Amino acid sequence: MKVISEQIGHILIIRSNEDLCKLRNFAEEQLSKKKHIRTVLLQTNKVSKEERVPSLRYFMGEKKFETIHTEYGCKFYLNPAKVFFSPRLSFERQRIANEVNKNEKIINFFSGVGPFSICIAKKVPSSVIHSIELNYAAYQYMIKNIEVNKCNNKVIPYLGDALEIVKKQFINYADRIILPLPMLADKALPLAIKSLSNEEGIIHWQISEYVGKKENKNDLGKIVRQRLERVVKESKLKNKIIIQLIRKIRSLSPNIAHIAVDLRVEKTKV
Ligand SMILES: C[S@@+](CC[C@H](N)C(=O)[O-])C[C@H]1O[C@@H](n2cnc3c(N)ncnc32)[C@H](O)[C@@H]1O
């Protein structure tokens, strides 16, 4: 039986094409074997376009949709039926937090309930992370999570469209930019560059790409380079952009990968 499952706090989210009877047996088994799972939600394939919230419906156990997810000592309050959250990004959050230097000014364009920003603030308390989010529910949870994780004055929340807010408030400002939304990756990159102080710094660019079934590391490098070249050409970017790291975060479907790309940006192209 093929069931894709993901645990967020006390909630198990399951996705499968199996018939409901088999899924009920699976859910019952999970609830009885794993005491920390108290609610099972069923995910249909739909994900809301802009806010990336999966369509979830109650399936079994307690009818409690709000949960607290703990990750590397950080606590995140959230309701997975109202906001995007994925525990499968936890390594990526720690990886980026480990890259940050003291006193960095950072902008997180697409913050969700705040996990990337809070992980960084916990690791590097002298940094400041301006954290923008469009979904009101996610923004409210971000405020709560900032407080719970004692990151006040380190993670600064903003409600609204990052592309508007950054244009108005953050041109020529930051040392590092986080772009954790593949859907807007290409559109956001030129503005992200402009928001770097003197157009120099680091951009964590997350993209999704067709990689085919037999993907290997060289293919991934080629795919990312071609994608970046296309964006540079289309947006007429004049900066020198160096790819520092390429890493597959997860599979979004059998042929589509979610990829982390670290870019070092310098002012002039050579
Ligand atoms: C893929 S989620 C990532 C959230 C968070 N970084 C995380 O890892 O949990 C992308 C988030 O960007 C938000 N979003 C989408 N478009 C946006 C925009 N134009 N400005 C600000 N936030 C936006 C969505 O509501 C969603 O919460």
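Tutor: The open sheet has 4 strands in the order β1-β2-β3-β4, with mixed pairing. Strands here are DSSP runs of E with at least two residues, helices are runs of H or I with at least four, and both are numbered from the N terminus. Two strands pair if DSSP finds at least two bridges between them. Because β1 (4–8) and β4 (54–61) each have a single partner strand, they stand at the edges, and one side of each is left without a neighbour in the sheet. On average, neighbouring strands of this sheet are turned by 30° against each other, direction ignored. Such angles are taken between axes, which are lines fitted to C-alpha atoms, for helices over the stretch in contact; they run from 0 to 180 degrees between N-to-C directions.

This is a predicted model, in which local features need pLDDT of at least 70 and side-chain atom pairs count only at pLDDT 80 or more, whereas totals for chains, interfaces and linings use all residues. Residues are numbered from 1 along each chain as its sequence is written.

Helix α1 (residues 20–33) lies across β2 (11–15), β3 and β4, and runs at about 70° to β4. Contact between two residues requires that their C-beta atoms, placed from the backbone, lie within 7 Å.
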